[in-house]
Amino acid sequence: MKIATWNVNSVRARMPNILTWLKTSSPDIVLFQEIKCETSAFPAFEFEALGYKSHALGQKSYNGVAILSRFPIEDTLEHLPENENDPQSRYLEATIQGLRVASLYLPNGNPVTLDPFQSPVQFSDKYLYKLVWMERFQKHAAQLLNKEHPIIFGGDYNIIPEAIDVYDPKGWELDALYYSNSRAAYRSLINLGFTEAFRTLYPHQKNSFTFWDYQAGAWPKDNGLRIDHFLLSPEAADRMITCTIDRTPRGEEKASDHTPVLLELQI
DNA sequence: ATGGTTGTTGGACAA
């Protein structure tokens with residue numbers, strides 16, 4: 001079973017790139033983030049023509065997540081518990097072939113503070129939203145773990161886990177993606193018992209980025225970040241075969257600023 | 001120091 005996660009930065013603007021990539025990579029399940037359209041505008045028919053069922057959770061202009069699958073998508077959950085009234089579409093969970101799979105788009109959270117010179121530090125509303133979102137996600141993840149099913153949480157976590165995952169760690173210390181509280185929250189999530197697929201397989205591999213900013217020549221200079229991750233429950237980790245980052249789509253015309261991550265499971 | 005880019009939109013805002 002091949003499962004991919006990809007922040008496409010607008011599904012409609014990215015259709016030519018996505019269709020090309022689907023044909024060459026041929027994943028069984030795809031987790032999209034930032035589809036940036038309402039559910040009714042999701043191009044389900046075009047994916048259906050390639051053999052994919054889909055379930056989209058859209059939103060006007062911003063955010064939005066979706067799942068494509070060659071197999072039936074069942075028992076969908078469109079919000080984290082406690083986030084039922086959140087207007088931001090960032091979480092979609094479903095059962096596919098006995099796997100509990102989620103496509104998640106964690107809040108960016110910048111800026112961390114409104115006034116960087118203020119002491120003590122006062123977090124911005126955006127950063128507090130990120131921290132609360134992570135707390136709710138962790139609570140939900142802990143409950144799901146108890147069921148002892150294979151779980152795959154894939155998506156844009158907007159978290160740089162460690163120094164090896166960013167081209168300039170010093171320069172990113174005050175950014176919400178690398179801020180100490182963000183990394184601490186991510187660590188405590190993993191410490192519930194999840195396996196982060198890529199870094200577990202390749203503990204020391206540098207320049208394994210999944211995102212390069214559109215600005216300042218980040219892509220040609222390889223000034224990237226590794227912020228798109230797969231977290232696996234023990235029952236899923238037992239079946240892990242490979243996890244790879246496919247840089248090819250980032251180098252093409254009209255590319256998303258993220259590139260896909262692929263996970264292969266024995267199933 | 002500022003600007004550098006892309007997408008949704010039709011002016012900011014988000015990333």
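**View 1. Glutamate 82 is partly exposed, since its relative accessibility is 42%.** Here, buried stands for under 20% relative accessible area, exposed for over 50%, and partly exposed for what is in between, using a 1.4 Å probe and protein chains only. The model you are looking at is predicted, so local features need pLDDT of at least 70 and side-chain atom pairs count only at pLDDT 80 or more, while totals for chains, interfaces and linings use all residues. Residues are numbered from 1 along each chain as its sequence is written, chains are lettered from A and ligands numbered from 1 in the order in which they are written, and side-chain values use heavy atoms, leaving out hydrogens and water. Glutamate 82 sits in the loop that connects strand S5 (74-77) with strand S6 (91-96). Helices (H or I, at least four residues) and strands (E, at least two) are DSSP runs, numbered from the N terminus. The phi angle of glutamate 82 is near 80°, which is positive although the residue is not glycine.

**View 2. Lysine 254 also has a positive phi without being glycine, with a value near 55°.** Look for lysine 254 in the loop between strand S13 (240-245) and strand S14 (261-265). With 60% relative accessibility, lysine 254 counts as exposed.

**View 3. Six strands form an open sheet in the order S5-S6-S7-S8-S12-S9, with mixed pairing.** Two strands pair if DSSP finds at least two bridges between them. At the edges are S5 and strand S9 (195-196), each pairing on one side only. S7 is joined in parallel to strand S8 (residues 151-156) by six bridges, and alanine 102 stands opposite phenylalanine 153 in S8. Helix H4 (residues 180-190) lies across S9 and strand S12 (228-232), at about 30° to S12. Axes are lines fitted to C-alpha atoms, for helices over the stretch in contact, and the angles run from 0 to 180 degrees between N-to-C directions.

**View 4. Strand S4 (65-69) is largely enclosed by the rest of the structure, because five of its five residues are buried.** Val65, Ile67 and Ser69 point one way from S4, while Ala66 and Leu68 point the other way. Strand S2 (29-33) runs antiparallel to S4 and pairs with it over five bridges; phenylalanine 32 has alanine 66 as its bridge partner. Strand S3 (residues 53-57) is also antiparallel to S4, with five bridges between them, and histidine 55 is partnered by isoleucine 67.

**View 5. Helix H1 (residues 15-25) has buried residues that include Trp21 and Leu22.** Others among them are Met15, Ile18 and Leu19. The buried residues of H1 pack against strand S1 (2-7), S2, helix H2 (44-48), S4 and S14. Contact means heavy atoms within 4.5 Å. Just after H1 comes serine 26, with a positive phi of about 50°.

**View 6. Tryptophan 172 is buried, at 18% relative accessible area.** The loop between S8 and H4 holds tryptophan 172. Which residues does tryptophan 172 touch, not counting residues up to four places away in sequence? They are Ile160, Val166, Tyr167, Tyr178 and Leu225.

**View 7. One cavity of 30 Å³ or more is found in a search of the whole structure.** On a 1 Å grid over the protein atoms alone, a cavity is a set of points where a 1.4 Å probe fits but cannot get out; a pocket is an open set with protein on both sides within 12 Å along at least five of seven lines, and lining residues have an atom within 4 Å of a point. Grid points are joined across faces, edges and corners, and a volume is the space filled by probe spheres set on the points. The largest cavity has a volume of about 50 Å³, and its lining includes His79, Arg90, Tyr91 and Trp133.

**View 8. The largest pocket holds about 450 Å³ of space.** Of its 25 lining residues, Tyr105, Pro107, Asn108, Gly109 and Asn158 lie nearest its centre.
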